[in-house]
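Please keep the sequence and the three-dimensional view at hand while reading.

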Amino acid sequence: MSNGETNTDVILIGAGIMSATLGTMLKELVPEWNITVFEKLSEAGEESSNEWNNAGTGHAALCELNYTIEQEDGSVNISKAININEQFQVSKQFWSFLVDNGRLHNPEDFIRPLPHMSFVQGKDNVSFLKKRYETMKQNPLFDDMEYTEDPETLEKWVPLMMKDRASEEPIAISKIDAGTDVNFGALTNMLFDHLEREGVHVEYRRSVEGLKQKSDGRWEVKVRNLVSGDVQRHTAKFVFIGAGGGSLHLLQKSGIPEGKGIGGFPVSGLFLVCNNPKVAEQHYAKVYGKASVGAPPMSVPHLDTRYINNQKSLLFGPFAGFSPKFLKTGSMMDLITSVKPGNVVNMLSAGVKEMALTKYLVEQLMLTKEQQVEELRAFVPDAKVDEWDTVVAGQRVQVIKETEAGGKGTLQFGTELVSAKDGSIAALLGASPGASTAVHVMINLLNKCFPDRADEWQAKFKEMIPSYGIKLAENPSMLHDVKDATAKTLKLDHMEPFMMDRQPEAKAIADGQKSADTVDR
């Protein structure tokens, strides 16, 4: 065992999209700082950021119905959708800066244009979607949204979903063509490749076992080499805990008062993946439906075209599950060991308050493959069991804390940034829309943890993100410029021609008269 100690300016724990984003921003702001990254696994982006563990929606609130709430008076509150879309515009601007300046190459390897749609059935849901569309359409962020209840238009937009649909229930879809599919695993790896070229020291197969603040304010981090078993101690002026579901345990080990009282509830997920290319070829969109009563927002059902390793795939889900692990590669003891005297009341209170969620998870766990495919048939009426395989998705740990609005034991859906009063350590907890808003979250972290640097960093922030400090929804001219510039740099202005532009061929495929691979793509 080695007790050697090394010093650095910044330690990033976890090699996911959050650490990748923060490290990249720090290299732009203070290139002279030394940065060390510790990752438990053998590669970057293998847990929550991995393309199979992440929906890849590029959460811009274009299609996710849970970001728009119907009020008691029947109006639709879109404020959350506006905030999330503004944050995703920030991410696209930062990625464009990195491409324009040679930090990243071949943006099509991590982001592609893809229509985003919201899909509902039933008179009440159709009424809600229409009101949502009419409200969102008035905002410059969403003014390119389309809406239809027309069967012919629906067949053109989503032929696979309309084929053999026998139900006479009314159906409606809203659509924005300017959506994206983001491979956050690929992006994470590209960012870490850049960071290593810039001298950032990334150590894989390293487990952080302890954090302790020294009398001079620096942090001592105890790190075990999982290959050799050796232990080293590293000190840093600033530590970021970006370990996905593993962040809660590390935050607790830090002992900072800001982390006391916070608990976590793990939710796992499964996806169905289409194994028949002829079926997958008939769909070109991310289509989100409405969540079941009691379901967590991360379990909103969606039928997604995905591009993974540059191959087109079709996924449906997620089906929620439960595992006490906080990471896919975690321990069955994760949940139990996260319960501390400081958070036990919140944890117990959440258990009492979230009975609907518990019931939902139990029901989901009991679903057979046939029953899962039956849920899929709400989207794809003629789905066949043998054409869909099951894939285990990532673990998400939802934050449980006391809030002013919800009281003790309130389950939080979203990301949560926790930082020490002195700004020397910060942790990111929670889930969706996490990865999509990573740039916004990391800017908040930098301003909060380095207030003495805020003024000198403003010009660089503005260079990296032209709309920095400006609400694009209130500045349509700048919004237009930003959308045009990012679309050009990220190659989002070259949408794949969907087969429905070729009506005879498309109809033949939908009717089973001609195979999908005969369509000229």
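## Strand β2 and its partner

Which residue in β2 is the bridge partner of valine 10? The partner is isoleucine 35. The model discussed here is predicted. In it, strand β1, residues 5-13, pairs with β2 in the parallel sense, and the pairing runs over 4 bridges.

Strand β2 spans residues 35-39 and is mostly covered, with 5 of its 5 residues buried. In a regular strand the side chains alternate between the two faces of the sheet. Here Ile35, Val37 and Glu39 point one way from β2, while Thr36 and Phe38 point the other way, and all are buried.

## Phenylalanine 38

Phenylalanine 38 is a residue of strand β2. It counts as buried because its relative accessibility is 1%, below the 20% limit for that class. Leaving aside residues up to four places away in sequence, phenylalanine 38 touches Ile11, Leu12, Ile13, Gly14, Ala15, Glu203, Arg206, Val208, Val223 and His234.

Helix α11 covers residues 355-365, and its buried residues are Leu357, Tyr360, Leu361 and Gln364. Why do they lie on the same side of α11? They cover an arc of only 100 degrees around the axis, which puts them on the same side of the helix. An α-helix has 3.6 residues a turn, so residues three or four places apart point the same way.

The face of α11 turned away from the buried side carries the exposed residues Met355 and Lys359. The cover over the buried residues of α11 includes strands β14 (263-274), β17 (311-321) and β20 (407-412), together with helix α12 (369-376).

## Aromatic pairs

How many aromatic pairs does the structure hold? There are 13 aromatic pairs. One of them joins tyrosine 133 and tyrosine 147, which are stacked at 5.3 Å centre to centre with 25 degrees between the planes. This pair links distant parts of the chain, with tyrosine 133 in helix α3 (residues 123-137) and tyrosine 147 in strand β7 (residues 146-148), 14 residues apart. Tyrosine 133 is buried, at a relative accessible area of 19%, and tyrosine 147 also counts as buried, at 17%.

Phenylalanine 316 and phenylalanine 319 form another pair, with ring centres 5.8 Å apart. Their planes stand at 65 degrees, so the pair is edge-to-face. Phenylalanine 316 counts as buried because its relative accessibility is 2%, and phenylalanine 319 is likewise buried at 2%. Elsewhere, ring pairs link Trp33, Phe238, Phe450, Trp457, Phe461 and Tyr468 into a cluster.

## Charges over rings

Arginine 112 lies over the face of tyrosine 307, at 4.4 Å from the ring centre. The ring of phenylalanine 128 has the charged end of lysine 290 over it, 5.0 Å from its centre.

## Backbone features

Glycine 317 and proline 318 are joined by a cis peptide bond, with omega about -5 degrees. Proline 318 belongs to strand β17, one of the elements that cover the buried residues of α11.

Alanine 61 is not a glycine, yet has a positive phi of about 60 degrees. This alanine 61 is placed in the loop between β2 and β3 (69-70). Is alanine 61 buried or exposed? Alanine 61 is buried, with a relative accessible area of 0%. Aspartate 164, also a residue other than glycine, has a positive phi near 60 degrees. Aspartate 164 sits in the loop between α5 (159-162) and β8 (171-176), and counts as exposed because its relative accessibility is 56%.

## Confidence of the model

The protein chain has a mean pLDDT of 89, and 92% of its residues reach 70 or more. Over residues 499-521, however, pLDDT stays under 50. For that stretch, residues 499-521, the model has 32 contacts beyond four places in sequence. Where pLDDT is low, the predicted coordinates should not be read in detail.

Methods. Residues numbered from 1 in each chain as written. Predicted model: local features only at pLDDT ≥ 70, side-chain atom pairs only at ≥ 80, totals over all residues. Heavy atoms only, no water. Buried < 20%, exposed > 50% of the residue type's maximum accessible area, 1.4 Å probe, protein only. Helix = DSSP H or I, 4+ residues; strand = E, 2+ residues; numbered from the N terminus. Arc of directions from axis to C-beta. Contact = heavy atoms within 4.5 Å. Phe/Tyr/Trp six-rings, centres within 6.5 Å; stacked < 30°, edge-to-face > 60°. Lys NZ or Arg CZ within 6 Å of the ring centre and 35° of its normal. pLDDT = per-residue confidence, 0-100. Pairing = 2+ DSSP bridges.
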